[in-house]
Amino acid sequence: MNENLPATKTNLLGLDLENMRQFFESIGEKPFRAQQVIKWIHEVGVQDFELMTNLGKALREKLSEIAEIKVPTVLLEKSAEDDTRKWIIQLSDGNCVETVFIPAKNRGTLCISSQVGCILNCDFCSTGKQGFSRNLTSAEIIAQLWIAVRALSLKQGFHDRAITNVVMMGMGEPMLNFDNVLPALQIMRSDFAYSLSKYRVTVSTAGVIPAMKVLREKTDVALAVSLHAGNNELRNKLVPLNKKYPLEELMQTCKDFFKDEPKRSIVMEYVMLDGVNDEPLHARQLVKLLSNMSVKINLIPFNPFPHTTYQRSTDANIDTFQRILSNAGYFTTVRRTRGDDIDAACGQLVGQVQDRTRRQERYLKARLIEAEEF
Ligand code: SAH
């Protein structure tokens with residue numbers, strides 16, 4: 001073994017253009033190699049340096065010694081009656097995350113996870129109940145898109161542009177894993193990689209204000225905010241992060257977010273919990289809170305999970321709630337779960353994986369509701 005070689009190889013999968021340029025400079029190579037390699041990895045889907053024919057032989061050999069393009073393993077791929085698809089992806093430490101693809105008439109949305117578990121502990125969210133394990137690396141985040149693009153391009157009826165939108169609405173709070181989420185967002189947007197427009201990459205946050213401000217400076221992606229209540233008392237209970245970043249500050253941050261692009265609006269997510277936040281009074285509070293703001297509202301009927309005390313609002317209550325918001329001038333949509341039958345197949349998983357993925361399936365099922373909206 002060559003003693004000059006690093007103990008671990010650098011995984012190039014998660015490097016955006018800037019990081020990739022730095023990498024090439026650090027090994028004494030020209031920075032323009034960055035875009036060539038990003039194209040090979042993300043546009044062509046190559047993992048073997050030997051196939052990168054526009055790099056000289058010496059460089060290919062050097063890269064093989066010090067770097068790698070490491071993609072996590074797909075443990076299972078499932079598809080639902082309605083063509084919703086999901087991949088259970090096993091990370092190198094054994095943890096699993098799920099990625100979901102939701103096809104619709106004129107678009108295909110991929111719902112991506114940013115953390116294993118979540119620290120926020122929102123009362124109505126099953127992931128919150130399972131605790132926090134760790135942040136995903138940039139490579140593990142972008143790998144979900146890499147895998148889905150490749151898998152879909154092999155499927156009949158799909159093509160390599162099947163994924164038109166990405167939403168960071170899987171497990172975790174993306175704005176608490178900012179440093180790793182940002183390069184992944186840049187790769188999604190990059191013309192050398194997935195070329196997704198700024199309107200088609202959405203970050204969803206419970207309201208981590210400092211990170212939202214940095215996100216605004218560093219990127220131009222779309223934003224969804226998990227509101228769920230129009231007053232602090234109720235929101236403190238449903239989204240404990242509200243105690244740290246209360247509604248007044250959050251609304252100010254939201255107002256500032258697209259102030260340079262007044263035509264863009266934030267999507268406000270609002271889970272419909274029976275008898276908790278779904279009465280006309282709550283809708284009116286929301287109207288007041290959001291007055292003069294350019295927002296769309298996405299009502300998400302609660303997706304129940306074992307041991308939860310919450311229940312989904314009735315259709316009648318959801319209709320009334322929606323009508324109040326619409327009459328006040330807010331574009332308001334209601335999403336219903338898709339991919340329901342995937343749950344049935346969940347019993348086919350075995351052992352440890354079954355336990356983990358079942359929790360995650362319940363969670364991801366909840367994500368399907370609103371992800372298809374974007
Ligand atoms: N941490 C991010 C991403 C969470 S997932 C955030 O809070 O925005 C995206 C949405 O699903 C959030 O609005 C979240 O509150 C909502 N959600 C979580 N559990 C749910 C459930 N059981 N039923 C319906 N929506 C749920």
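Me: Which kind of crossing, left-handed or right-handed, does H10 make as it passes H11?

Reply: H10 passes H11 in a right-handed crossing. A crossing gets that name if the near helix is turned clockwise from the far one by less than a right angle, and is left-handed if anticlockwise. The model is a predicted one, in which local features need pLDDT of at least 70 and side-chain atom pairs pLDDT 80 or more, while totals for chains, interfaces and linings use all residues. Residues are numbered from 1 along each chain as its sequence is written, and side-chain values use heavy atoms, without hydrogens or water.

Me: Why are H10 and H11 called roughly parallel?

Reply: Helix H10 (residues 280–289) and helix H11 (residues 315–327) pack at about 25°, with axes 9 Å apart. Angles under 35 degrees count as roughly parallel, over 145 as roughly antiparallel, 65 to 115 as roughly perpendicular and the rest as oblique. H10 and H11 are therefore roughly parallel. The axes are lines fitted to C-alpha atoms over the stretch in contact, and angles run from 0 to 180 degrees between N-to-C directions.

Me: Which residues of H10 and H11 meet?

Reply: From H10 they are Pro280, His282, Ala283, Arg284, Leu286 and Val287, and from H11 Thr320, Phe321, Ile324 and Leu325. Contact means heavy atoms within 4.5 Å.

Me: What are H7 and H9 to each other, and why?

Reply: The axes of helix H7 (residues 209–218) and helix H9 (residues 247–257) cross at roughly 5° and come within 10 Å. H7 and H9 are therefore roughly parallel to each other. Residues of H7 that meet H9 include Ile209, Met212 and Lys213; their partners in H9 include Glu249, Leu250 and Phe257.

Me: Why is Phe257 called buried?

Reply: Phe257 has a relative accessible area of 6%, so it is buried. Buried means under 20%, exposed over 50% and partly exposed in between, with a 1.4 Å probe and protein chains only. Of the 374 residues of the protein chain, 55% count as buried.

Me: Where is Asn242, and what does it touch?

Reply: Asn242 is in the loop between helix H8 (232–238) and H9. At 0% relative accessible area, Asn242 is buried. Leaving out residues up to four places away in sequence, Asn242 touches Asn232, Arg235, Asn236 and Leu247.

Me: What makes Phe23 and Phe24 an edge-to-face pair?

Reply: The structure holds 5 aromatic pairs. In this one the ring centres are 5.3 Å apart and the planes stand at 80°, so the pair is edge-to-face. Rings of Phe, Tyr and Trp (its six-membered ring) pair if their centres lie within 6.5 Å; planes under 30 degrees apart are stacked, over 60 edge-to-face and the rest tilted. Phe257 and Phe258 are also edge-to-face, at 4.9 Å centre to centre and 80° between the planes. Phe23 is buried at 9%, as is Phe24 at 0%.

Me: Over which ring does the charged end of Arg150 sit?

Reply: The charged end of Arg150 sits over the ring of Trp146, 4.9 Å from its centre. The rule asks for NZ of Lys or CZ of Arg within 6 Å of the ring centre and within 35 degrees of the ring normal.

Me: Where is Pro301, and why is it called buried?

Reply: Pro301 belongs to strand S13 (residues 295–301). Helices (H or I, at least four residues) and strands (E, at least two) are DSSP runs numbered from the N terminus. Pro301 is buried because its relative accessible area is 2%. Between Pro301 and Arg335 there are 7.0 Å in space, C-alpha to C-alpha, and they are 34 residues apart in sequence.
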